[in-house]
Amino acid sequence: MSDPAREAIVQAVSAAVGRGQPTRSDPDTGPSQVAWLPPEEDWEAAAASLQALGDELLVIKGRQELAAALGEITARHQVKRAVRWDHRLLRRLDIDRLLAEQSVDCAAIAGEQDLRSLAAEAELGVTALDALVVSTGTLVMRGGRGRERAVSLLPEVHLALVTPDRRLRAIKDLVPLWQQWRSEPGGPPGSVTLVTGHSRTADIELILVSGVHGPKYIYVLALEFPWDD
Amino acid sequence: MIVTSQPGDAVSSSPKRRRVSLFIPCLVEDFFPEIGEAAAVVLDRAGVAVDYPEAQTCCGQLAYKTGHRSETRRFARHFLETFARAEAVVSPSGSCVSMVKNYYPSLLADDSTWAQAAEDMAGRVFELSQYLVDVLGLKDLGASWPGRAVYHDSCQVSRALGVSEQPQALLRAVAGLELRELDGADTCCGFGGAFSLQFPEVSERLLDDKVAAIEASGAEMVVSAEVSCLMNIGGRLAKTGSPVKALHLAQVLAGKEARS
Amino acid sequence: MKVRTDRIKEMAAAAAADQGLHQTLLAAAGRFRQLRQGGVAAFDDLEKARDQGRRVKERCLAELDRLLPRLEKQVRAAGGRVHWARDAAAARAIILGLARARGVKRVVKGKSMMSEEVGLNQALEQDGLEVFETDLGEYIVQLAQESPSHILAPAIHKNKQEIAALFADKLGVDYTDDPEELTRIARRVLRQKFLQADMGITGGNFAIAESGTLALFENEGNIRMSTTLPRLHVALIGIEKVVETYRDFDVLRKLLTISATGQKLSTYLSLITGPRRDGELEGPDEFHLVLLDNGRSRILADPLLRQSLYCLRCGACLNVCPVYQCIGGHSYGWVYSGPIGCLLNTQLLPRGQGGPAPFACTLCGACAAVCPVKIDHPKVMLHLRWLMAEDPAWPLPRPPAARLGLSLYAWLATRPAGFRSASALARLLAPIAAPGGKARLTPPAISRWGRTRRLPRWQRPFSQRWPGLRRRLGNREEPS
């Protein structure tokens, strides 16, 4: 396949950089191991980061507390419908049943039409997290089947569940995680979304307004109990 | 050479007295000669032997900044020839010093006769306060000038030369002078050489902002180490009948002695 | 976008007379500076990071001829397609061709300077497509049929009352000037557009060659919508946006957000590698990356001008530029504004069409002091002035008289006696040449200067005073 524009551009660039000595890229000096925080570390830093963004992290110590937290959040935002990822953590916790107890209709997404209509109508989207960056309060989510981006984007409230073994100190600690994902079969994930706080804009007279296109509220539930029994 | 130590010298005589050649910018030569005189007096009081190479003309900044490099090279070569034997070149204008220090070397880089001279000159040309503080290690020159002052942190002094603390340290040591904070002290006054002629409305708006900040500070004088800013700011202050005076750092440091 | 760069002086003069605009711009710039300062204060070793960022850009651009094919290979491997556009017309044709071939009717767009650069919206609309800008500021500007005036805050030149009237007029809603309420209206209207759109068009902040990944930063979520919901995603980027590795990207991303808004990270960062994969329920069926040259390879060829391509579009230079804060984005007459706009407009437009942009600058250097990748704007500005003054390939109309005057001035420079005589002559003529004087010899620009400032008066020159002064100095140099 020959594209004259491609040839012309590559040639012009090559001539412009005066292709001579290729410069070497900086050697990868950073750690190749992902520096997960020790699971026993507390949640204070992460909670403070989320609070600074105007969002909330709740430490959940058991299934009862989880039910109570879900009850409070759904009541506060008058949630009637919810969508969720088809994710092992959410299935094991039986989120659908817990929400049903609050009279909230919740289901994982089964098909594409389902996704568009459900996610567009639901007030609450429930996801898990691949990582939580504690110094910035950043939620890291890979996309894919059962991990739809729309769930954390379309509803007004985003609820994210995270376990203590999925915490990183700083954004730069994502470098080895990305490298790990990239070396998996199939290459890097088709999409990785980093969320640092709820949707916001200051486009009108620089006045900060929350929830312009994405969620207006974010809750992170930190699961401090053995959920996988 | 006779080494003398005069009463009132700010530095004790050293085995070898420092010598500087004064570099007087065009604006000082024709419009603000008293600033040049003040600079000479201040250097003299600091114990430095001062000379003035009379063949000097202009650094060529206006030509350079309007894009005329071939013309500027004539200025540059003449400057380097004139000051070839100078131990150090000192000027009461940051922008002219920046021209010589920051632009002559690249301008003459391909000139086999002058490239080395330009490089060497870059290391021995100084704005007045830079020379006093960084080279001589002086802060207190025994000057006295009572009143409230603000310092206009000229772009061509602060950003182009990295000189901002030195003039302010010198001002703080002036007896009776109260140095106040100036809001937006390092914001451009709108002069910009040919810019003020090409974009007069914009230049005036920036100047008015600067003057408003100066007046809001409650200062009786605005001090700068850059002649062109002073011409701009001082010209506006005078036109509007403001009581605030625009003074060069050298004038303040020289005190009454240099006032004509 | 219509090129009006030749009218920068007139537009700047008009904007400078608009005190309201000046106050708005000052407030906005002040707010952005404050945000940046807050971020910088919490940032350890910004200087080191700026040096690192500069090196990353230097290396990636020096390697660009290798990185572009590598990026192409990786995008293809991920199932995406890569298109190459030499100029704006080619970029428009590629995107229009895609829209026609896929039966696209509605397009949603994420904020993109590139789209302005190639004049994409007009081209799509002329072809009968419905095009919606979805960044709130861009949406406002589009409704008003204007163009963005600030990289970060496109509608910064409009106050909330103007926006309220605009919404009431164009969207048929009740008048409200409450930003919260206005935002809610835009959310509701645009949400439908996202769900109905066939094509999402975005720019891209970086493209990572080693993995074929596009990185997009935003705070609102409209870019996520545009890249998630429509069945086609087209990303238009300049060829200079390519970095080699994720690690390179990591160096630049922190500089970008800190410099723009003081954020350690923007609200959303999307890392997109190809279209929807097998078995997935969302994401576009097709991902198209359009790589645009449009003069960039020419800029790349000049070792000094090359740094103009390091720009991350953070907007920090606009927020410290005294001229920008006086004249606003529109006065620059084309896509880019502020210090970086003076550089890019001049270089990206065909030579001679950029107008006197490099002269619309006082060379104060505030921009270079904050630039996250240490672009030396004044140095590049001076380089362009030189090219325009002396290189026939860069025409700048200049009155012959000015040129002659300058030559005379330079000629006198090496003749001290002549130089002094010339100023003596000027001194002699001064009384009659002054504004209002008998002979109207004062150039109009100087007269204008004199209307707002007291012109300095000719004095007995320093050179004549020196002999007397010299005798009064204690530490005078003895004649050897």
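Some housekeeping before we look around. Residues are numbered from 1 along each chain as its sequence is written, while chains are lettered from A and ligands numbered from 1 in the order in which they are written. Since the model is predicted, local features need pLDDT of at least 70 and side-chain atom pairs count only at pLDDT 80 or more, though totals for chains, interfaces and linings use all residues, and side-chain values use heavy atoms, with hydrogens and water left out.

Okay, chain C. Its C-alpha trace spans about 95 × 55 × 45 Å along the principal axes. We get 22 helices and 10 strands there; those are DSSP runs numbered from the N terminus, H or I with at least four residues for helices, E with at least two for strands. Of the 480 residues in chain C, 63% are buried, and buried means under 20% relative accessible area, with exposed over 50% and partly exposed in between, using a 1.4 Å probe and protein chains only. Contact, by the way, means heavy atoms within 4.5 Å. Take the contacts in chain C with a separation of 6 or more: 73% of them come from residues 24 or more positions apart.

Let's zoom in on one residue, C:Thr245. You'll find it in the loop between β8 (242-243) and α12 (246-261) of chain C. Is C:Thr245 buried or exposed? Its relative accessibility is 15%, so it counts as buried. Its side chain reaches the backbone nitrogen of C:Asp248 at 3.0 Å. Setting aside neighbours within four places in sequence, C:Thr245 touches C:Ile208 and C:Glu210.

Now, where chain A meets chain C. Here 74 residues of chain A are in contact with 86 of chain C. Together the two chains bury about 6800 Å², with 56% of it on carbon and sulfur atoms; buried area is the accessible area (1.4 Å probe) that two parts lose on being put together, summed over both. On chain A's side, A:Asp203, A:Ile204 and A:His213 supply 12% of the area that chain A buries there, more than any other three residues.

How many salt bridges are there between chain A and chain C? Five, where a salt bridge is a side-chain nitrogen of Lys or Arg within 4 Å of a carboxyl oxygen of Asp or Glu. A:Lys216 pairs up with C:Glu180 in a salt bridge, and their closest N and O atoms are 3.5 Å apart. On the side of chain A that touches chain C, α1(A) gives the largest share, nine residues.

Over to chain C and chain B. This time 72 residues of chain C contact 73 of chain B, and the buried area is about 6500 Å², 59% of it from carbon and sulfur atoms. There are four salt bridges between these chains. B:Glu29 makes a salt bridge with C:Arg420, at 3.4 Å between the closest N and O atoms. Helix α19 (residues 400-413) of chain C gives the most to the side of chain C that touches chain B, with eight residues.

Last stop, helix α2 of chain B, residues 33-45. Why call it largely enclosed by the rest of the structure? Because 12 of its 13 residues are buried, including B:Pro33, B:Ile35 and B:Arg45. Just after this helix, B:Gly47 takes a positive phi of about 90°.

How values were computed. Expected span 1.5 Å × (residues − 1). Polar contact = N/O pair within 3.5 Å; in protein donor to acceptor, adjacent residues only side chain to side chain.
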